Amino acid sequence: MAKQKLPEFSTFNIPKDREVPFGAITPAPVNTQDLFITSNWRVVRPVIDQEKCTRCLTCYMACPDACWGYNEKADKLEWIAGFCKGCQICIHDCPVQCISAEPELNYPDGVVRLEKPF
Amino acid sequence: MKVDYKFQKLEPAKNFKAINKAEMYVPGHRTCAGCGPALNYRLVAKAAGPDTIFIGPTGCMYVANASYLCTPYAVSLIHAQITNGGAVASGIEAAFKVLAQKGKYTGVFPNIIVMAGDGGTVDIGLQAMSAMLYRNHKVLFICYDNESYANTGIQVSPTSPYGANTTFTPPGKEIPEANVLFPKYVPELVIGGHPALKYVATTTIAHPLDLTNKVRKALSFEGPTFLHMLAPCPKGWKFDEKLSREMAKLAVETGMWSLFEWENGVYKYTNVPKTYKPISEYMKNQGRFSHLKAEHIAKMQAFVDERIAKVKANIAIPIATPR
Amino acid sequence: MAQEKMLTGCSAAATGAKLAEVEVICSYPIRPYTAIMMELAKMVANGELKAEFVHGEGEHAQVSIVLGASAAGARAYTGSSGVGVTYAMEVYSPMSGGRYPVQMAIADRALDPPGDFGSEHTDAMSTRGQGWLLGWARTPQEVLDNTLIGYRIGEDQKVMLPQMTCQDGYFLSHIADKVNVPELAQAREFLPPFKSPHPLSVACPVSHSPQIRPDQGAPMDAQRAAVYTDVPKIIEKATAEYNKIMGRNYDPFLEKYKMDDAEIAFFIQGAHANTCMKEIDKMRKQGVKVGMIRPRWIIPWPTQYLAEACAGLKALGVIETSTCYGGSMRGGNLAPEVRASLYDLDDRPVVTSFMGGLGGETIWPEEFHSMAKVLTQAAKDKRASQYTYWVGFEGK
């Protein structure tokens, strides 16, 4: 008896821009997760008065987004603009009130001015 | 045959400068601005260091962190179901143990940490959590407590306070106090019945050095440990997002939350207020309590007073002098 | 030297797991699979097997625990029966989608309500489609062999899928038969150590299963489906190698018994096939041209192999040892799949089905004869008069 031609199972060609990694396993980020920028969430940004700052590091330990870095060499608290959501915890909790909330629109690099969303 | 598992020894930190190392929970995650649990995660990850594996049961600290196909964990993480955080962690621990026994893994034994929400700890996750504590696995189980099922839009959980307005316990004519149930007391639930449990402690996001050192201490035991962390949720508790740490502080100052360690049957308390602030100080800033009347607040005060009495009773037991 | 022993299905499974050098075992008691774990516990306790034996707090926990173990790079093993299998349902998709190749030994058992310790295939059958490889053994020998073959296929780098290796509760799990037990060296020759592609590690940190958007969900599903393109070839290769090393003679997908000139045939899986073959011998003596097809794997379903095997057949009776209430044939789970496989044949057999071996009952020898009569009539009529026959319970 001649062997009959049966239907085929589907073949798969997933477009490159829609690929999901094997088993949905992704590499861990190193210093920042650049696939999820959150700086465009904020309407105010924290601005520090380095003179008043006592280097107590409260702001550094209070940020859920790790947007304050303590530069040991320079003995300075440095703000990380790329991810700050403007929650103002650091502003509220600073024991000497040396951080103030400044509107994003006041700044030439204010993220709300960007033409393209992330 | 004795196996050297190469367990880690993490030193306690004296100040914030001592833990100024690379972030293990990096910027770039979809958590709300001012998210208490996110700060919690960051502090835990920092304390634990790079040789860590996190187990993330479904909840805000998985979904919001891991959106979309990218995560902020610089260490390994595996998603678990909200039901089985303790179980998946147990399997990972067993694997590392047997691979070390067989000489197939010769690296440092990782810190294995479950980061479960209150639901994933004492509600749907209760069975797996308890079994893990029972089986003497070297795993740290952390409950980040935001007192609700927050990720699904704020529903009542077994740690939601009496009177809390959640979408499953809305206030109304028939039920003016909204949530009529009192919460499970998580530390006592675990302390009460697990003979292999080595160490239990409570902390909050407003006490970062305390949190760091309790994490490091917990990770130094060769068996199961449990940490209960208060992580206020601006969305769920309805307060301005800049007050997340302040709410945690107020919780301690009013007796809603106490900071202690439990080890070998001995309780050690810190930050015990000389005089407790009235609970209304805590509740007046949170929209989830704004519907409550004086009689409800009185009930809440009575509940907190009972907790405070227990604290005082525990403190009164003298700590045995080491021989 | 390979040894010949009298082993029950449970002992054979435990012996297979020992030869596979499983590393993390998670137990929880439920009849009738418990004996597998009791034997493994003894092996671990007296040092015969170096493994972590974890007392799971329930079947859902068992599957969760072995998921974690596999994610961390260990070869993991667990098992269950009946409602234990369905209790763990939540975790089956995360396991197969996460590509963790654990093995779960199922000694099947009827589902509640009410309590029934007897064999029925419904438990594991109701999990198919969750992405696990799935198949039933016919003898304790096959139980042992499927343990090794299962790991080999599941852990193939192109596959990375969990496997459910099933056996009939009591009929297979608790009745002993001759088993040729390979040497450890032979097992090692066949089954290389487990190599996880991206394990949870500190040296190379990874995130397993981050949250995705809906538009990422469809490609995820497609990726999971695409694995099955490669699986059949790998099953063929692995089975051929196993046959060679161990001296067996398994067809990778379908055991065909007296099919060469068969006009009617039974499609039946599991231990009841043993009775079937005996009765076929008797019927052959009476001149009935009857044969049997027994699937070794039902996931992946051997669609085209089955169509080829049935070409020229006049009538095929699917013996359903599981239930699918309200399904298209108001019977079991296999017949709709069989009909789908044969649909495209120009010359296809009449397909009807028979409910048997449910709830722990045996299929009585004489029932095969009466089923054959039904098939003979259906072949004559060139049509089935019923989708399903509930053997022993037929109306009027």
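Select strands β3, β2, β4, β5, β7 and β6 of chain C: in that order, these six strands form an open sheet with parallel pairing. Strands here are DSSP runs of E with at least two residues, helices are runs of H or I with at least four residues, and both are numbered from the N terminus. Two strands pair if DSSP finds at least two bridges between them. The edges of the sheet are β3 (52–55) and β6 of chain C, each of which pairs on one side only. Neighbouring strands are turned against each other by 20° on average, direction ignored.

This is a predicted model, in which local features need pLDDT of at least 70, side-chain atom pairs count only at pLDDT 80 or more, and totals for chains, interfaces and linings use all residues. Residues are numbered from 1 along each chain as its sequence is written, while chains are lettered from A and ligands numbered from 1 in the order in which they are written.

**One edge of the sheet**

Select β6(C) together with β7 (residues 163–167) of chain C. These strands pair in the parallel sense over four bridges, and C:W136 has C:C166 in β7(C) as its bridge partner. Axes are lines fitted to C-alpha atoms, for helices over the stretch in contact, and angles run from 0 to 180 degrees between N-to-C directions. Two residues are in contact if their C-beta atoms, placed from the backbone, lie within 7 Å.

**A single residue: C:V22**

Select C:V22, in the loop between α1 (9–19) and β2 (24–27) of chain C. Is C:V22 buried or exposed? It counts as buried because it has 29 C-beta neighbours inside 10 Å. A residue is buried if 20 or more other C-beta atoms lie within 10 Å of its own, exposed if 12 or fewer, and partly exposed in between, with C-beta atoms placed from the backbone. Leaving aside its neighbours within four places in sequence, C:V22 is in contact with C:A17, C:A51, C:R75, C:A76 and C:Y77. C:V22 and C:E52 are 30 residues apart in sequence, and their C-alpha atoms are 9.1 Å apart in space.

**Chain C as a whole**

Buried residues make up 56% of its 396 residues.

An automatic or database domain assignment divides chain C into domain 1 (3–246) and domain 2 (254–390). Colour the two domains separately; their C-alpha centres lie 28 Å apart. Domain 1 of chain C gives 24 residues to the contact and domain 2 of chain C gives 20 residues. On the domain 1 side, α6 (122–125), β6 (133–136) and α9 (214–246) of chain C each supply at least two residues.

**Where chain C meets chain A**

Select chains A and C. Their contact takes 25 residues from chain C and 18 residues from chain A. On the side of chain C, β9, α9 and α11 (303–310) each supply at least two residues, and α9(C) gives the largest share, seven residues. Now select β1 (residues 25–27) of chain A: three bridges join this strand to β9(C), and the two run antiparallel. A:I25 stands opposite C:H208 in β9(C).

**Where chain B meets chain C**

Select chains B and C, whose contact takes 42 residues from chain B and 38 residues from chain C. The elements of chain B that give two or more residues to this side are α2 (60–63), β2 (76–80), α3 (85–101) and α5 (126–134). Which element gives the most? It is α3(B), with 13 residues. Return to β9 (residues 206–208) of chain C: two bridges join β2(B) to this strand, and the two run parallel. Here C:S207 in β9(C) is the bridge partner of B:L77.

**Two helices of chain B**

Finally, select α3(B) and α5(B). Two packed helices are described by the angle between their axes and the distance between the axes. The axes of α3(B) and α5(B) come within 6 Å and cross at roughly 35°. B:G85, B:G86, B:A87, B:A89 and B:S90 in α3(B) meet B:A128, B:M129, B:A131 and B:M132 in α5(B).
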